[in-house]
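Let's talk about charged side chains and who pairs with whom. Have a look at the model first, then we'll go through a few pairs.

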Amino acid sequence: MRKISGFIALTAALLTSAGAYGQFQFGASSENSGIDISGDWSYIGHQDAAYTTAFGAIADYGGIPLNEAGRLFALAWDASRQTVRQHQCAGYGVPYVYFSPGNYRFWEERDPYTQKLIAIHMWFQTSEVRRTVWMDGRPHPPAYAAHTFAGFSTGTWDRNVLTITTTHLKQAWLRGNGVPNSDEATVVEKLVRHGDRITVFTVMKDPVFLDEPYSKTMINIRSIKDPTAWLYACEDGEEIVNRPDEKIPNYLFGKNPFLREYADKEGAPLLGTLGGGQTTHPEFAAKLKNRAASEAEAMAEVAPSRGPRQESRVVNPDPNDGEIHVLKVQGNVYMLVGDGGNIAVQVGDEGALLVDAGAGKLSDKVIAEVSKLSRHPIQFVVNTSFRADHTGGNAKLGAAGEDASLPGSFFGGQAPVGATGFFQDPAHHATLIAQNNVLIRMEAAKLPNDMIPADTYLEKRRRKYHNGELVEMFYQPNAVTDGDSIVQFRRSDVIATGDIYDTTRYPVIDLKSGGTVQGEIDALNNILDKTGFEHDEDGGTMIVPGRGRLSDEYDVAEYRDMISIVRDRVKAMLDAGATLEQVKAAGPTADYDTRFGANSGPWTTDMFVEAVYTSLKQSSPARRK
Amino acid sequence: MICNKRRVGLFLRATTILALTSVCVLAQGPAPGGPPESPKAGAPVEMTGYWVSVVVEDWKYRMLPPTKVELTPAGFFSGGLGVPLNAEGQKVALAWDPAKDEATGEQCRGYGAANIMRMPGRLHITWQDEQTLKIETDAGRQTRLLHFDAPKGPGGDWQGGSQASWETVAAFRVPGLGALSGVAIEKTGSLKVVTDKLKPGYLLRNGVPYSAKTVLTEYYDVAIEPDGDTYLLITTTVDDPVYLQQPYLTATHFKKQYDASGWNPTPCAAR
């Protein structure tokens, strides 16, 4: 009887809860709707059949809301860009990945004890794109974290709609004909399952290359049988033998020989094929009927517009909140963000080795954060240049450190009478290391001795085995200055680049301090000579930039491409006899200004263009006249 | 006695499950004793209002004047045409003659139910009555009536007869009880529309055909973006045993407008 009574009580409780069941709305739990998208799927290309994988004719951008920068970038794109080593295995981004042919697999990851949905995983055969959609409510990473082709995704269920929000995307293709999305793009996807089909609806917002949100549908159909093909091997090779690394295939503005090819073939007005937000509006069809007017408008779109240059629309990844933020890079290396230039910190059984010291405004906090990472004091600080953003903290960080290799050594007792800083008591001070020109320039600036690196080198490579790995410092002559170094942590597979690579602006090429545009391009290629990727141009060697977000090889390659292409444009104008003002007015950076440009502040677009122009002029005896 | 207790227990369990199941199902419907909830009153999402097409998918075919399809030397249709036409469908498509359509007063062949949602333009969606959702298009001045009760009329016109229903799924929803909680029939938020009795028309304005035997199945979903932008997604399957090798799948989207701006009724045009 007790059992029956118990069951009746349970029944009453159930009915009570059932009474409240009317409030139990479908999809009340954002992590689980009851709809399952697990299984094998594939893209069906009944619509947009021309755009599967690498298809898409040159200058076929109709329906893509490109802004001026996006259009100019695409028109400058030469299909041979794909032969450049770092572009051969580039991954597929979102939403481009849904155009990839082949097989897709989605599956759930659940906590084995609670059965709560942790993540939905996605695998796309072509390019072996691996996506994880976190369903457990975790936040997105900070802005200074690394980006990938798949980005960082979180999801929620609402009724039968899975909403996925993706940030931290890399620059990638919107269409396989050079139409880009930037690394600032974000995507919201809606996946709606109807039986054996999933409708995928994506909305991308990209302040860099789009003038309106890019909304798009795709359809996946269920594969009844587990397909046999799931892999996609890609390894880059020498596609154009003996082509210098600095040669990045591109078309000068207005010189794309295939500009009209698609339009002519399809009998389409050029204005339509050049894309833009207006091409997605129904009214656009009527506009195209006036061929003369549309042609005139189109011709104005194939070269940079006149007038004030666009500025960067990218949010500064540095929080600038008066705090030091720590990001694990990989291996023994961390990135500290918040005090001017980035600081790379290597820790281990020996003292901490820092690459750069920040601006010095938050040195106490830097020291505090390093002490949390390392049980030993700071032993070495390597300066990648003499700039204040990287050496401002030298004195404080040096004083807080200790070079345990010096007591009892020859150097330990060499302090001259009256010496200050490091020279006064080298054993109780971190050793500051840099290329010798850093010392020369800091001495010339009459900076205090305790800020100036005492341990300098002249040759192209300085090495040190520290904290269980080889640490190499490579001198990069005449890049942004004449004293630049990059630092490579071999086992951790991390390179700190200093200002040679800066994700927040055009490179600050300081001609007066020995910088040159060619040296900058060479330095970036030197970095790329030392990197590798883990999977389809994601991961592998990680790059700590002088400023900005954590990066990898592909990010550096895009930066290298940008400078090389701008160099080519300025050089062509210079060769044609253009003055500096004419070059500036022509907007040679127009497709990159919404990403890197500035019209005010310490480093403007005009200053960059002038540096490129002057550097090229100085490099040629004929042009110096 | 023990045996009797078990029987009592089983009886009680079965009764409880049945009762609970019915409660669960009822919980999704109208108040007990009240009239059945009308499709309009029970609409799980708001689809009424003005919507403007965002012309992205198949941009060339939708935005540019139609041009005749051609066979390439390899035997494929030119221009990235993705419609899975069979041989008969290809033959008809290749014979497209817009002048003939104009001469026979059939300029609206591209504006039938199987393609009208792909036409650049605007929709005005309203409830005609408690059982009928009305979709008016400014492109071609077409009207579709989506009947939640039986479609009216004999069909045989450009928009055919459309049967609408709010899509539902069965779900076990009381926490911790699984199947014991009973089956709840829940609306997903999707509108399902099945259309047949169509007058033959075009899947693309350039004469790619569908036949009178076509059955069109559509799902309408509303997607709301974080910034409040709202989109109507229409996922379409065209089953045509006469001209297609396999079902033809497309998805089309519209953006919500908050007024009638841009509403511009225009007649059908064959080219």
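## Ground rules

A residue is called buried when its relative accessible area is under 20%, exposed when it is over 50%, and partly exposed in between. Keep in mind that this is a predicted model. Side chains of opposite charge can pair when their charged atoms come close. Searching the whole structure turns up 51 salt bridges over all chains.

## Across the chains

Let's start with a pair that links A and B. A:Glu266 makes a salt bridge with B:Lys60, with 3.2 Å between the closest N and O atoms. This pair crosses between chains: A:Glu266 sits in helix H4 (residues 261-266) of chain A, and B:Lys60 in helix H2 (residues 59-63) of chain B. Both A:Glu266 and B:Lys60 are buried.

## Within chain A

Next up, A:Asp455 and A:Arg462 form a salt bridge, their closest N and O atoms being 3.0 Å apart. A:Asp455 has 22% relative accessibility, so it counts as partly exposed. A:Arg462 comes in at 18%, so that residue is buried.

Then there's a pair inside one helix. A:Glu581 and A:Lys584 are both in helix H15 (residues 580-586) of chain A, three residues apart, or about one turn of the helix. Their side chains meet in a salt bridge at 3.8 Å, N to O.

## A network

Finally, A:Asp183, A:Arg549, A:Asp555 and A:Arg595 are joined into one network by salt bridges that share partners.

How values were computed: Residues are numbered from 1 along each chain as its sequence is written. Chains are lettered from A and ligands numbered from 1 in the order in which they are written. This is a predicted model: local features need pLDDT of at least 70, side-chain atom pairs count only at pLDDT 80 or more; totals for chains, interfaces and linings use all residues. Side-chain values use heavy atoms; hydrogens and water are left out. A salt bridge is a side-chain nitrogen of Lys or Arg within 4 Å of a carboxyl oxygen of Asp or Glu. Helices (H or I, at least four residues) and strands (E, at least two) are DSSP runs, numbered from the N terminus. Buried means under 20% relative accessible area, exposed over 50%, partly exposed in between (1.4 Å probe, protein chains only).
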